[in-house]
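Q: Hey, I've just opened a structure that's new to me. Can you walk me through a few spots in it?

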Amino acid sequence: MKKQFAKNVASIFLCTLFATAPAWATAQTVEKANLPAGVVAVVNGKSIPESQVQEAVKLTGLPDSAELRNAIRSQLVARELFRQQAAKTPALENRPEVKKAMQDAKDAAVIQIYLRDSIKPERITDDMVREQFNAIVASLGPNEYKARLIQVEDDATAKSVLEQIKAGGDFGKLAAQYSTAANKAKGGELEWVSFKLPAQEGKTQNLPLPVAQAISQLVPGGVTQTPVVWNNEKYIIRLDQLRPTQVPQYDDVKSALRQTMERKALEQATIKLVSELTKSAKIQQ
């Protein structure tokens, strides 16, 4: 909820709220010298601490500025005014949607704190990052491949797609129309990949081995003449580009690599916790 509030501040108030100064802002400026330390506004005796503004600034992800802080302060004041007016109608708290929202917020906060205290991912050290980098570099082959693929489920569709490609059909458009792969919206485009030759199982940057083998045998512009079969799916593959493998400098990628490793460690720790809880729970589905 806090993050959504911060996004609302960034998208709404930066564009509209401070375009014309609200009436309360003039009065607040006059009384600013009399505000307690660490307080940005007082609304009918209710203090709004500066810490709320600071937290909202961080959540927006935008550069800190006086303009942004003023917009956030205006939003906080408006929200406090709404809260005070709503409090004058006690029956609102008893409405089902309010009770549900309060319970959902409480549940989310309790779960978040529980997970923060319970999930203990492996600490990623500098040595681990360097080792992972070296392992990735060691797995690369002499060339990098930029390919596209169309994944279909049956022979008839695969045959039809191949016939259209041979007749001059646009591979990307056909991928968007026929492919069942997640990258169909990108015309079947794959990321640059590199692997040692001959391609070996588990060492093809997550590509199915038959797909990697097919890619490595194509020349730029070439398309597989027959569908590649793997896991009961059919793949039609085109190689767009081929270039010598470009190995990045360690310092250029270590931060991103660390983040990836930390995210994976967090996922693994989360899966472990879920597995432990599931073993001791009685679940009916």
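Q: Let's start with Thr204: buried or exposed?
A: Keep in mind that this is a predicted model. In it, Thr204 is buried, because its relative accessible area is 2%, under the 20% cut-off.

Q: Where does Thr204 sit?
A: Thr204 is in the loop between helix 8 and helix 9.

Q: Which residues does Thr204 touch?
A: Leaving out residues up to four places away in sequence, Thr204 touches Phe195, Ala199, Leu209 and Ala212. Its side chain also reaches the backbone oxygen of Leu207, at 2.5 Å.

Q: You mentioned Phe195. Let's get to the rings, then: how many aromatic pairs does the structure hold?
A: Two aromatic pairs. One is Phe133 with Tyr250: the ring centres are 5.2 Å apart and the planes make an angle of 65°, so that pair is edge-to-face.

Q: Which parts does that pair tie together?
A: Phe133 belongs to helix 6 (residues 126-139) and Tyr250 to helix 10 (residues 250-279), so the pair joins parts that are 117 residues apart in sequence. Phe133 counts as buried at 11% relative accessibility, and Tyr250 counts as buried at 12%.

Q: And Phe195, what does it pair with?
A: Phe195 pairs with Tyr145, and those two rings are stacked, with 5.4 Å centre to centre and 25° between the planes. Here too the pair links distant parts of the chain, 50 residues apart: Tyr145 is in strand 3 (residues 143-152), while Phe195 is in the loop between helix 8 (171-178) and helix 9 (209-216). Both Tyr145 and Phe195 are buried.

Q: OK, new topic: helix 7. How many residues has it?
A: Twelve, residues 155-166. From first C-alpha to last, helix 7 reaches 16 Å, close to the 16 Å expected at 1.5 Å a residue.

Q: Which residues of helix 7 are buried?
A: Ala158, Val161, Leu162 and Ile165. Looking down the axis of helix 7, the buried residues fall within an arc of 100°, so they line one face of the helix.

Q: Why would residues a few places apart point the same way?
A: An α-helix has 3.6 residues a turn, so residues three or four places apart point the same way.

Q: What do the buried residues of helix 7 pack against?
A: They pack against strand 3, helix 8 and strand 5 (233-244). On the face turned away from that buried side, helix 7 carries the exposed residues Ala156 and Lys159.

Q: What's at the start of helix 7?
A: A side-chain oxygen of Asp154 comes to within 3.2 Å of the backbone nitrogen of Ala156. Just after helix 7, Gly168 takes a positive phi of about 100°.

Q: What does Gly188 touch?
A: Not counting residues up to four places away in sequence, Gly188 touches Ala147, Arg148, Leu149, Ala175 and Asn183. C-alpha to C-alpha, Gly188 and Leu174 are 8.9 Å apart in space, and 14 residues apart in sequence.

Conventions
Residues are numbered from 1 along each chain as its sequence is written. This is a predicted model: local features need pLDDT of at least 70, side-chain atom pairs count only at pLDDT 80 or more; totals for chains, interfaces and linings use all residues. Side-chain values use heavy atoms; hydrogens and water are left out. Rings of Phe, Tyr and Trp (its six-membered ring) pair if their centres lie within 6.5 Å; planes under 30 degrees apart count as stacked, over 60 as edge-to-face and the rest as tilted. Helices (H or I, at least four residues) and strands (E, at least two) are DSSP runs, numbered from the N terminus. Buried means under 20% relative accessible area, exposed over 50%, partly exposed in between (1.4 Å probe, protein chains only). The expected span of a helix is 1.5 Å times one less than its number of residues. The arc is that of the directions from the helix axis to the C-beta atoms. Contact means heavy atoms within 4.5 Å. A polar contact is a pair of N or O atoms within 3.5 Å; within protein, one must be able to donate a hydrogen and the other to accept it, and residues adjacent in sequence count only if both atoms are side-chain atoms.
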